[in-house]
Amino acid sequence: MHVLVSERELEGAGDPGVTGGGVGSGRRGDSGGRGGLAAVEHVLERAAPLAIHLRARIIARRMFEIAERLAPAASRAGSWLVVNGRPDVALAAGARAVQLGRTALGVEETRRMVAACAGRLAIGASVHDAEGALRAAREGADYLVLGTIYATLSHPGVEGSGPAAVSAVRRRLSALRLAAHRLPANRLSARRPPPILAIGGVGADRIEEVTEAGAYGIVVGRAVWSAPDPARAALDLRRQLDRLDRRDRRDH
């Protein structure tokens, strides 16, 4: 499970270098009086293991400072720090993964850059349909973030593709025969297609639906940060995923 951290969460501590929406957006719960990075660290402490996905519109220097602080905390908790769109920041800060969106470098180009720096990063690719998923899988993405699955306030006017999109992508990936010689040696799993994480309007009431459709996990933001206790909300969501995973393993 990935928990998105945007500039709105980071503003809780009055962090400099942050741009974007205001604190009074009503998105963040009280988190026991914590705000900003303290609230993020509290989620790590209470809800691990999970991935903190840093997706904030902030200047690169501030992004690095935040990532450098969160990376060791995530590691101690047995969790991941994922940096959105900036493999250079992810490498320098010691993050576990970088997430590539539409405007970021491609998977292959990013892999070459990481290798040139003698580094190691998992590479996630944001995709919106089966064709994009197949392309990213062939390029060696370690995992895919697929969405928008349900309509969400963070993407007004965008109609959700529904869990059927997860099923469609899963079917196409299952039929894909990844040529081992074309995959990078340091890809997390060269023997199987990358797992799918569903993003967009996914909350406790929809986890079972998307996992039954074929999602390995979820990416959440509002479901955590709008809760009265974000750390508790994250823990409950992660435990729900764990229960569904155990049930699926038992049934198969």
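Begin with β2, helix α3 (residues 60–76) and β3, which make a right-handed β-α-β unit. The model is predicted.

Next, select the two strands of that unit. Strand β2 covers residues 51–54 and strand β3 covers residues 80–84. They run parallel, joined by 4 bridges. Pick L54 and look across to β3: V83 stands opposite.

Stay on V83 and turn to β4. Its bridge partner there is V98. Strand β4 spans residues 97–100, runs parallel to β3 and is joined to β3 by 3 bridges. Now trace the chain from β3 to β4: the path goes through helix α4 (residues 87–93), and this β-α-β crossover is right-handed.

Go back to α3. How far apart are the end C-alpha atoms of α3? They are 24 Å apart, which agrees with the 24 Å that 17 residues should span at 1.5 Å a residue.

Colour the buried residues of α3: R62, M63, I66, A67, L70, A71, A73 and A74. In an α-helix, residues three or four places apart point the same way, because there are 3.6 residues a turn. Which elements do the buried residues of α3 pack against? Show α1 (7–10), α2 (36–47), β2, β3 and α4.

Step past the end of α3 to G78. This glycine follows the helix and has a positive phi, near 70°.

Last stop: P230, in helix α10 (residues 230–251). Is P230 buried or exposed? P230 is buried, with a relative accessible area of 0%. P230 and R46 are 184 residues apart in sequence, yet their C-alpha atoms are 9.8 Å apart in space.

Note on methods. Residues numbered from 1 in each chain as written. Predicted model: local features only at pLDDT ≥ 70, side-chain atom pairs only at ≥ 80, totals over all residues. Heavy atoms only, no water. Pairing = 2+ DSSP bridges. Right-handed = clockwise from strand over helix to strand, strands pointing away. Buried < 20%, exposed > 50% of the residue type's maximum accessible area, 1.4 Å probe, protein only. Expected span 1.5 Å × (residues − 1). Contact = heavy atoms within 4.5 Å.
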